[in-house]
Structure formats: C-alpha cells, structure tokens
Amino acid sequence: MEATTASDSNALQVPKLKLYSYWRSSCSFRVRIALNLKGLNYEYKAVNLLKGEQFSPEFTKLNPISYVPVLVDEDVVVADSFAILLYLEEKYPQHPLLPSDLQKKAINFQAANIVSSSIQPLQNLAILKYIEEKVSSDERLTWVQYHIGKGFTALEKLLEGYAGKFATGDEVFLADLFIAPQIHGAITRFKVDMTQFPILSRLNDSYNELPAFQAAMPQNQPDATI
C-alpha cells in the first residue's frame, strides 16, 4: 500500500522520498514525525511485519537486518531510525532537530538513546514472541511494563530542569521524536500507568496538540488495521 504524506500543503517540492514503514513501529513513527516537521513529501511503502514482508528479497536488499524503517532518497538508502534522522538533519536543515546549545544537544542524544537502546529493543515483536512462547503471555506484559517503567524513570530524572513544553525547552527536538512514540505505545499497547511520570505525561499532552505528530500517529497510517 502506498500513500503520499506531508505535514501540510506547503511541503517542500523536493524529489519524492520513500519511507518503508510499519504502522505500529515506533522506530518508523519517529521518522514520520521528522518528515512532517521538515515538511517533506514522501511515499509511504507499507511493510507488514506480522506477515514477514521484512524478510522478502526486495526488502532485505534495502536493509539486510530486515528492520523498518528504511528511507530511500533517490539513489541513497538509509536504514535505522537514528541514522535516518541524522541524514535528514544534514540534507534538509529546515526545522532543526538539534539545538545549538551543546548541553541541550547532549541531553537530546542521551534521551534518544535511552529510548532506542534501553526501552524499545526490549519490547519489539521478536522479543515479545519469544517470551510468550518460552514463558507465558501474561509474563510478556509484565516484562514490557518493567522495562518501560525503568526507562521512563530515567527520562524523568534526566529531563528535570530541562523540560519545558517539550523535552528540552519550548521547541521540538530529537528527544521528542523518540519520546513521543514510546509514550504512545506505553499507553495504547502496554497499559503503563503514566500518573507516576508527570513530566512525560505533560510532554505527551503537548505532542498530541501538534499536527506533525498527529499525522504520524500509527492509527493514521494507510496500513493501520484499527
């Protein structure tokens, strides 16, 4: 399934990008937000992870490790959400994803890494399937809630003193692109009690007000099944 997506009618007229994405993938969610914030038109190329389409010969040529997202920009192919975001930042500098202040920039990288290294990998489909098969479906939810809670506790401490309307002030930066999808998944998929995370809850309210974030929501993607 394909769809042309942009944050608004004023999206930059650049050669059309292709984003290989799965609607429920938080990693793909991050990139969709960035593309919308930067006003970039892109073609949505759905990859159904539940059907194993990520293992097809066509897709593994783009990303041998068989993960989404993958961005194709003319003859450039970039896989991994972090790499894609940094690529977009370099090539399309409008709406910068990183602040000029070095301390805040470091906080953005640290927050992004907490999500991408210490939370998200522990809740991906392969891990959850393994736990369900080897232990039980009940233990799967307990596992996810524990690791999300641990990561969210760290983010609360990290962002204290930096957070404004968004993670590191009153502008959207890289950290927000990682935090927003993680909070969304924690609430909608894993029933995490967010009352114990007041900073993140406040940030989530701000994210939900932004059109670029709303358009990137899983349920608003062409391959969504809800």
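User: Where is Lys-191 in this predicted model?

Analyst: Lys-191 sits in the loop between α7 and α8. The model is predicted. Phi of Lys-191 is near 55 degrees, a positive value in a residue other than glycine.

User: Why does Lys-191 count as exposed?

Analyst: Its relative accessibility is 61%. Exposed means over 50%. Lys-191 therefore counts as exposed.

User: And what makes Asp-80 partly exposed?

Analyst: The relative accessible area of Asp-80 is 44%. Buried is under 20% and exposed is over 50%, with partly exposed in between. So Asp-80 is partly exposed. Asp-80 is in the loop between β5 (76-79) and α3 (81-91). Asp-80 also has a positive phi, about 85 degrees, although it is not a glycine.

User: Which peptide bond is cis, and what is its omega?

Analyst: The bond that joins Val-68 and Pro-69 is cis, with omega about 5 degrees. Pro-69 is in the loop between α2 (57-62) and β4 (70-73).

User: Where is Phe-82, and why is it called buried?

Analyst: Phe-82 is in helix α3. Its relative accessibility is 15%. The cut-off for buried is under 20%, so Phe-82 counts as buried.

User: What does Phe-82 touch beyond four places in sequence?

Analyst: Phe-82 touches Phe-109, Ala-112, Asn-113, Ser-116, Leu-174 and Phe-178. As for Val-31, its C-alpha atom is 8.6 Å from that of Phe-82, and the two residues are 51 apart along the chain.

User: How many aromatic pairs does the whole structure hold?

Analyst: A search of the whole structure finds 7. One of them is Phe-82 with Phe-178, at 5.0 Å centre to centre and 45 degrees between the planes.

User: What makes the pair of Phe-82 and Phe-178 tilted?

Analyst: First, the distance: 5.0 Å against a limit of within 6.5 Å for a pair. Then the angle: 45 degrees. Stacked needs under 30 degrees and edge-to-face needs over 60, and the rest are tilted. So the pair is tilted. Phe-82 lies in helix α3 and Phe-178 in helix α7, so the pair ties together parts that are 96 residues apart in sequence. Phe-178 is buried, at 0% relative accessible area. Phe-82, Phe-109 and Phe-178 form one aromatic cluster.

User: Why is the pair of Phe-152 and Phe-197 called edge-to-face?

Analyst: The ring centres are 5.4 Å apart, and a pair needs them within 6.5 Å. The planes are at 85 degrees, and edge-to-face needs over 60. So the pair is edge-to-face. Phe-152 lies in helix α6 and Phe-197 in the loop between α7 and α8, so the pair ties together parts that are 45 residues apart in sequence. Phe-152 is at 1% relative accessibility and counts as buried. Phe-197 is buried too, at 3% relative accessible area.

User: How do you know that the span of α6 agrees with its number of residues?

Analyst: Helix α6 has 23 residues (residues 137-159). At 1.5 Å a residue, the helix should span 33 Å. Its end C-alpha atoms are 33 Å apart, so the two agree. Gly-161, with a positive phi near 95 degrees, follows α6.

User: Which elements do the buried residues of α6 pack against?

Analyst: They pack against α4 (102-118), α5 (125-134), α7 (174-188) and α8 (198-207). Among the buried residues of α6 are Val-144, His-147, Phe-152 and Leu-159.

Technical notes
Residues are numbered from 1 along each chain as its sequence is written. This is a predicted model: local features need pLDDT of at least 70, side-chain atom pairs count only at pLDDT 80 or more; totals for chains, interfaces and linings use all residues. Side-chain values use heavy atoms; hydrogens and water are left out. Helices (H or I, at least four residues) and strands (E, at least two) are DSSP runs, numbered from the N terminus. The expected span of a helix is 1.5 Å times one less than its number of residues. Buried means under 20% relative accessible area, exposed over 50%, partly exposed in between (1.4 Å probe, protein chains only). Contact means heavy atoms within 4.5 Å. Rings of Phe, Tyr and Trp (its six-membered ring) pair if their centres lie within 6.5 Å; planes under 30 degrees apart count as stacked, over 60 as edge-to-face and the rest as tilted.
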